[in-house]
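Please find below a note on the model under review. The points are numbered so that each may be checked against the coordinates.

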Amino acid sequence: MDDSAALIEQNEQFGEIVRNADWSAQVPTCPGWTIKQLFRHLGRGHRWAAQIVSDRVEGYLDPREVRDGRPPDDVDGAVKWLHDGVRLLADAVAEVGADTSVWTFLGPRPARWWVRRRLHETTVHRADAAFALGAPYELAAPLAADGIGEWLDLVAGGRPGIDATALLDAGTTLHLHATDDGLGPAGEWMIRSGEDGVSWEHGHGKGTAAVRGRAADLLLALLRRRTADEAGVEILGDREVWTRWLERTPF
């Protein structure tokens, strides 16, 4: 499944989780937010990315300037608005060309970058909604593994609000190891400290600390949606390396 198809699927699943929910319910993994606020954040974000691509925006776009950035008041209309935003993004990328350079908060990237970014934004916020509402949450191992790599790209690339030079103490390494069958090298990540920040590559190695578990559980722990104990992941070596990493990588 390509990223556009996966995004549509994940977005539809999110919409079905919240469709009949109490939209005033609190979202514990996004403190201070309700389901309604989470929904609006995700839906407006899709349209924000679509407008950046379609208009070839050259700098930061104020979310308040996003076209049709507010969902309708009725639930069915709101869910349709959510789904239409994803299709706007897919159409915008197809129109300008997937390899066309566009603005992102990490600097110029191919337009398809936004599809992958919105995909993994959606998988994580689907978890937020599911946990808030007591709904089941599962994520296929390959998609979860790609989400880990995408998050590490953001961190190493200088995502706003994260100091990449302070994530790992000098000389320390963090190894993530997904235990799912069939992932191969794509299921291991070695993260290293450096003078200019952190870098990572797929591969096996001995880290100062290592975190092992299913890819989906690793992703939830990495993004602080679940503690290591809640996610059922195992921490080996210097546990403080993992603790400090989480403290220094707010999401």
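1. Basis of the model. The structure is a predicted model, in which local features need pLDDT of at least 70 and side-chain atom pairs count only at pLDDT 80 or more, while totals for chains, interfaces and linings use all residues. Residues are numbered from 1 along each chain as its sequence is written, and side-chain values use heavy atoms, with hydrogens and water left out.

2. Secondary structure and overall dimensions. The protein chain holds eight helices and seven strands; these are DSSP runs, with helices (H or I) of at least four residues and strands (E) of at least two, numbered from the N terminus. The C-alpha trace spans about 50 × 40 × 35 Å along its principal axes. For 251 residues a compact globule would have a radius of gyration near 18 Å, and the protein chain agrees, with 18 Å. That radius is taken over C-alpha atoms, and the globule rule is 2.2 Å times the number of residues to the power 0.38.

3. Of the 251 residues in the protein chain, 50% are buried, where buried means under 20% relative accessible area, exposed over 50%, and partly exposed in between (1.4 Å probe, protein chains only). The accessible surface comes to about 11600 Å², and 48% of it belongs to carbon and sulfur atoms; the areas come from the Shrake-Rupley method with a 1.4 Å probe, and for residues only the protein chains shown count as cover. Among contacts between residues at least 6 apart in sequence, 64% join residues at least 24 apart, a contact being heavy atoms within 4.5 Å.

4. Charge. The protein chain carries 28 positive and 39 negative side chains, and the centres of the two sets lie 3 Å apart. Lys and Arg count as positive and Asp and Glu as negative, whereas His and the chain ends are not counted. Each charge is placed at NZ of Lys, CZ of Arg, CG of Asp or CD of Glu.

5. Helix H4. Residues 112-133 form helix H4, whose 22 residues should span 32 Å at 1.5 Å a residue; the end C-alpha atoms are 32 Å apart, in agreement. The expected span is 1.5 Å times one less than the number of residues. Because 17 of its 22 residues are buried, H4 is largely enclosed by the rest of the structure. Gly134 follows H4 and has a positive phi, near 70 degrees.

6. Helix H5. The buried residues include Glu150 and Trp151, along with Leu143, Ile148 and Val155. Gly158 follows H5, with a positive phi near 95 degrees.

7. Helix H6 and Arg224. Helix H6 (residues 215-222) is mostly covered, with eight of its eight residues buried; Asp217 is one of the buried residues. Arg224 sits in the loop between H6 and helix H7 (228-231). Its phi is near 60 degrees, a positive value in a residue other than glycine. Arg224 is partly exposed, at 40% relative accessible area.

8. Asp68. Although Asp68 is not a glycine, its phi is positive, at about 50 degrees. Most residues other than glycine have a negative phi. Asp68 belongs to the loop between H2 and H3 and is exposed, with a relative accessible area of 57%.

9. Gln51 lies in helix H2 (residues 35-54) and is buried, at 8% relative accessible area. Leaving out residues up to four places away in sequence, Gln51 touches Arg56, Val57, Leu61, Glu65, Val66 and Arg67. Asp84, in helix H3 (residues 75-96), counts as partly exposed at 27% relative accessibility. Asp84 and Ile8 are 76 residues apart in sequence, with their C-alpha atoms 9.7 Å apart.

10. Arg244. Which residues are in contact with Arg244, leaving aside its neighbours within four places in sequence? They are Asp169 and Asp238. Arg244 lies in helix H8 (residues 239-248). Arg244 and Asp169 are 75 residues apart in sequence and 8.9 Å apart in space, C-alpha to C-alpha.
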